[in-house]
Amino acid sequence: MRIAASSMATMLQQTCSVPLARAASARSLAAAAAASPPSTARDPRVLLGMSEQQLQQLAVDLGQQSYRGKQLHQLIYKRKVREIEDFSHLPLVFRNELQEAGWRVGRSPVYHTVTAADGTVKLLIKLEDNRLIETVGIPVEDEKGSVRLTACVSSQVGCPLKCSFCATGKGGFSRNLQAHEIIEQVLAIEETFKHRVKNVVFMGMGEPMLNLKSVLEAHRCLNKDVQIGQRMITISTVGVPNTIKKLASHKIQSTLAVSLHAPNQKLRESIVPSAKSYPLNAIMKDCQDYFQETSRRVSFEYALLAGVNDAEEHAIELAELLHEWGRGNHVNLIPFNPIDGSDYKRPSKKAVLAFASVLESRKIAVSVRQTRGLDASAACGQLRNKFQKSPLLAETDEMQSQPEIAMAC
């Protein structure tokens, strides 16, 4: 059994939204998919998110030599320059042409920063329409003293699944993020830490599978342009019908993390109401097919709720379920991090270790996530809600009137 510190998966605690908090009723899930824009169109005049080849073509289209596109690529992704007017390496005439044509880099300002005692940093990023999103930087030092930095990114402004125990859901849902609004979260973390991001996890605000088009566009850019390995990227989901198959068809080599939270259908429906529209057996079959299609094992998230799903018999049943559907499964145990308005409780350390021990004894790879950033409004959505109760708030002056948050460092 591995206890947190050594792997990417175990670095992440409730600094990222617990995938449990994305669950909703079957009706809510269907409504969310309908209400959520089917695909947030990429802003055609945003440079961030464009490949080097596309930037070279843009330079040629504006009468420049193609190598100017390579310079653009370096300025955007390596130097992380935020404004075209600051592209000092480019001729003034080229900069003016870009601006006159309506082009912009596509970077947003950091509205607020909270740093926890353990070094975890949560950023509030203010988008062009004055909405706020959260992203988290999680540094972990290995035995050799090297720092591995993980960025936990949001995929939506708020969450449409509106769980009663979810801080993000309590803040409401506004829209899907565009690809560049996902990519810029990683660049902001790198700027804050002055260090390269090694891992990216789509475990922040929102349900990634409800914004799969933008998520995949961001995934391509993070891999090819920001140069983060596909195997260092994790896409998490509570389960949206037909989307796991769609993701598998792209044959990406990233990790799929599925929020399970229960070993049987009845219990899962009581914890994750959307299970009524996406039964456990259907999810497990899709996960099995995903493995066969991509040769990448699926990681299962399991939020431990005291007195609800944390008994040893639940662990035994979970092991049997995973063995039934294949080998090579991995379980991330997540001791619940209480949030305001939730009746769920965090299990004792003894109960967590006992649950993990049962899984390990039955040949299930298991890790226990380490608690990170609990003094930085850890659960996803909590910090945003303190500054912006409604994602529809549009007046900057109103946002700035919100009280500052004292950092416990």
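This is a predicted model: local features need pLDDT of at least 70, side-chain atom pairs count only at pLDDT 80 or more; totals for chains, interfaces and linings use all residues.
Residues are numbered from 1 along each chain as its sequence is written, and side-chain values use heavy atoms, with hydrogens and water left out.

**How α11 meets α12**
- The axes of α11 (residues 280-294) and α12 (residues 312-325) come within 10 Å and cross at roughly 50 degrees. Axes here are lines fitted to C-alpha atoms, for helices over the stretch in contact, with angles running from 0 to 180 degrees between N-to-C directions.
- The crossing is right-handed, which is the label used if the near helix is turned clockwise from the far one by less than a right angle, with anticlockwise giving left-handed.
- On the α11 side, the contact (heavy atoms within 4.5 Å) uses Leu280, Asn281, Met284, Lys285 and Gln288, and α12 brings Leu321, Leu322 and Trp325.
- Sorted by type, those contact residues come out as five nonpolar, two polar and one charged. For that tally, Ala, Val, Leu, Ile, Met, Phe, Trp, Tyr, Cys and Pro are nonpolar, Asp, Glu, Lys and Arg are charged, and the others, Gly among them, are polar.

**How α12 meets α13**
- α12 also packs on α13 (residues 349-361), at an angle of about 30 degrees and with the axes 9 Å apart.
- These two helices are therefore roughly parallel to each other.
- Here too, α12 passes α13 in a right-handed crossing.
- Glu312, His314, Ala315, Ile316, Leu318 and Ala319 of α12 touch Ala354, Phe355, Val358 and Leu359 of α13. That contact divides into eight nonpolar residues, one polar and one charged.

**The loop between β9 and α10**
- Leu260 lies in this loop and is buried at 0% relative accessible area. Buried means under 20%, exposed over 50%, and partly exposed in between, using a 1.4 Å probe and protein chains only.
- Setting aside neighbours within four places in sequence, Leu260 contacts Arg268, Val272, Leu280, Met284, Phe300, Glu301, Leu318 and Leu321.
- Leu260 and Thr237 are 23 residues apart along the chain, and their C-alpha atoms are separated by 9.4 Å.
- His261 belongs to the loop between β9 and α10 (265-271) as well, and is buried with a relative accessible area of 0%.

**Positive phi angles**
- Most residues other than glycine have a negative phi.
- Lys251, not a glycine either, has a positive phi of about 55 degrees. You'll find Lys251 in the loop between α9 (243-249) and β9 (255-259), partly exposed at 48% relative accessible area.

**Cysteines**
- The structure holds zero disulfides, meaning pairs of cysteine sulfur atoms within 2.5 Å.
- Cys221 counts as buried, at 0% relative accessibility, and Cys287 counts as buried too, at 4%.

**The whole protein**
- The secondary structure comes to 15 helices and 12 strands. These are DSSP runs numbered from the N terminus: helices are H or I with at least four residues, and strands are E with at least two.
- Of the 409 residues, 58% count as buried.
- Among contacts with a separation of 6 or more, 71% come from residues 24 or more positions apart.

Note on methods
Angles under 35 degrees count as roughly parallel, over 145 as roughly antiparallel, 65 to 115 as roughly perpendicular and the rest as oblique.
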